[in-house]
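Subject: Structure handover

Hi,

Here is the structure I promised to pass on. Please open it alongside this email.

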Amino acid sequence: MIDLLRKRLQTYSASNAVQEEQALKEILQEVSLYALWRGGFFEIAAFQGGTSLRILHGLPRFSEDLDFILLKPDPAFQWSHHFESLTGVLAQFGVHCELSDRSRMDNNVRQAMLKDNSIGRQLDLSFFDASNPRKLKVKLEIDIHPPAGTGTSWHFLDFPVDFEVCAQDLPSNYALKLHALLCRPYLKGRDWFDFAWYCKQKTRPNLPHLAHALNQAGPWKGRNMPVDAQWLADAMYTKIGTIDWALAAQDVAPFLPAAEQMSLTLWSERFFADKVGRLVQAVSDDV
């Protein structure tokens with residue numbers, strides 16, 4: 001099975017150590033998804049977030065984590081219940097990983113960490129440093145009490161072999177990205193890159209889902225905001241006026257391929273005002 005991973009790595013044509021490490025992490029993410037499917041995980045959860053956009057929809061950036069939401073709230077959820085399936089299936093592909101549950105039971109987002117240094121020792125890596133074999137790390141996160149109103153869809157994948165995942169649909173994923181843009185207490189340039197990508201896809205966000213998210217967490221918590229095109233326009237135009245765009249571009253740059261780098265020079269309030277206009281048009285067309 002390790003030969004399957006080796007062939008996959010060759011498709012990346014990594015030209016430096018950073019690209020090689022990102023490629024290995026992406027391969028580990030995909031094999032982990034297969035392992036979760038084998039254990040029945042997608043009967044209770046949906047794939048969500050930036051990595052889902054990359055794997056399922058071709059988002060052109062590297063994403064570090066595997067993010068999920070439960071299909072039904074479950075305060076008793078524990079990642080450790082899925083460790084045996086994960087480690088067993090990964091071992092079939094020559095991946096001998098460490099798993100640790102980093103969850104706090106009083107937190108709605110439960111975390112686990114997967115660490116591995118077995119792939120680097122087995123594959124013919126151009127930039128592998130045997131004297132300093134860094135462990136690859138993939139964080140798994142799941143929202144055990146996600147906002148109401150999400151939509152889901154099923155997707156077939158064929159690496160490492162054929163399998164199927166349940167994922168949050170694009171309009172709902174977009175809604176949670178807008179929630180992050182408006183409510184995240186720190187700047188994350190990757191959020192804004194994803195926003196621009198959604199605008200390019202002409203995706204219409206799931207506004208009821210966004211309204212539930214705003215009511216659940218952030219500065220509008222408990223206010224039952226009536227989220228429509230006008231409210232969203234006002235909130236987003238206000239937000240882009242507060243962003244340090246040079247800092248945002250600097251944050252996302254390491255996660256982008258060379259072809260995307262030059263576009264970061266366009267990042268400004270004027271650039272994203274155009275994107276917000278496209279968002280508002282998409283939402284208005286949906287009325």
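Below is what was found, from the whole chain down to single residues.

**Whole chain**

First, a caution: this is a predicted model. The protein chain has 12 helices and 7 strands. The C-alpha trace spans about 55 × 45 × 30 Å along its principal axes.

Buried residues account for 51% of the 287 residues. Take the contacts with a separation of 6 or more: 70% of them link residues 24 or more positions apart. The accessible surface comes to about 13800 Å². Carbon and sulfur atoms supply 49% of that surface. On charge, the chain carries 30 positive and 34 negative charges.

Start with Gln48, which sits in strand β1 (residues 45–48). Gln48 has a relative accessibility of 14%, so it counts as buried; the cut-off is under 20%. Beyond its sequence neighbours up to four places away, Gln48 touches Asp67, Phe68, Ile69, Gln168, Asn173 and Leu176. Leu157 is 109 residues from Gln48 in sequence. In space, the C-alpha atoms of Gln48 and Leu157 are 15 Å apart.

Next is Leu136, in strand β5 (residues 136–143). Leu136 is buried, with a relative accessible area of 7%. Not counting residues up to four places away in sequence, Leu136 touches Glu21, Leu24, Lys25, Leu28, Leu114, Lys115, Asp116 and Ile119. One of these, Leu114, is 22 residues away in sequence. The C-alpha atoms of Leu136 and Leu114 are 8.0 Å apart.

**Two helix residues**

Phe83 belongs to helix α4 (residues 83–92). Phe83 counts as buried at 15% relative accessibility. With residues up to four places away set aside, Phe83 touches Leu99, Ser100, Asp101 and Ala112. Phe83 and Ser100 are 17 residues apart along the chain, and their C-alpha atoms are separated by 8.6 Å.

Asp194 is in helix α7 (residues 189–201). Is this aspartate buried or exposed? Asp194 is buried, at 0% relative accessibility. Which residues does Asp194 contact, leaving aside neighbours within four places in sequence? They are Leu59, Arg61 and Lys177.

**Aromatics**

The count comes to 24 aromatic pairs. One of them is Trp197 with Tyr198. Their ring centres are 5.3 Å apart and the planes are at 70°. That makes the pair edge-to-face, because the angle is over 60 degrees. Trp197 is buried, with a relative accessible area of 9%. Tyr198 is buried too, with a relative accessible area of 0%.

Both residues belong to one aromatic cluster. The cluster consists of Tyr174, Trp192, Phe195, Trp197, Tyr198, Trp245, Trp267, Phe271 and Phe272.

**Backbone points to check**

Most residues other than glycine have a negative phi, and most peptide bonds are trans.

- The peptide bond joining Phe159 and Pro160 is cis, with omega about 5°. Pro160 lies in the loop between β6 (152–157) and β7 (163–168).
- Lys202 has a positive phi, near 60°. Lys202 is in the loop between α7 and α8 (207–216). At 71% relative accessibility, Lys202 counts as exposed.
- Asn224 has a positive phi, near 50°. Asn224 is in the loop between α8 and α9 (229–240). At 57% relative accessibility, Asn224 counts as exposed.

**In brief**

Look at Asp194, buried in helix α7. Look at the aromatic cluster that includes Trp197 and Tyr198. Then look at the cis bond between Phe159 and Pro160.

Best wishes

Key. Residues numbered from 1 in each chain as written. Predicted model: local features only at pLDDT ≥ 70, side-chain atom pairs only at ≥ 80, totals over all residues. Heavy atoms only, no water. Helix = DSSP H or I, 4+ residues; strand = E, 2+ residues; numbered from the N terminus. Buried < 20%, exposed > 50% of the residue type's maximum accessible area, 1.4 Å probe, protein only. Contact = heavy atoms within 4.5 Å. Areas by Shrake-Rupley, 256 points an atom, 1.4 Å probe, with all protein chains shown as cover. Lys, Arg positive; Asp, Glu negative; His and termini not counted. Charge placed at Lys NZ, Arg CZ, Asp CG, Glu CD. Phe/Tyr/Trp six-rings, centres within 6.5 Å; stacked < 30°, edge-to-face > 60°.
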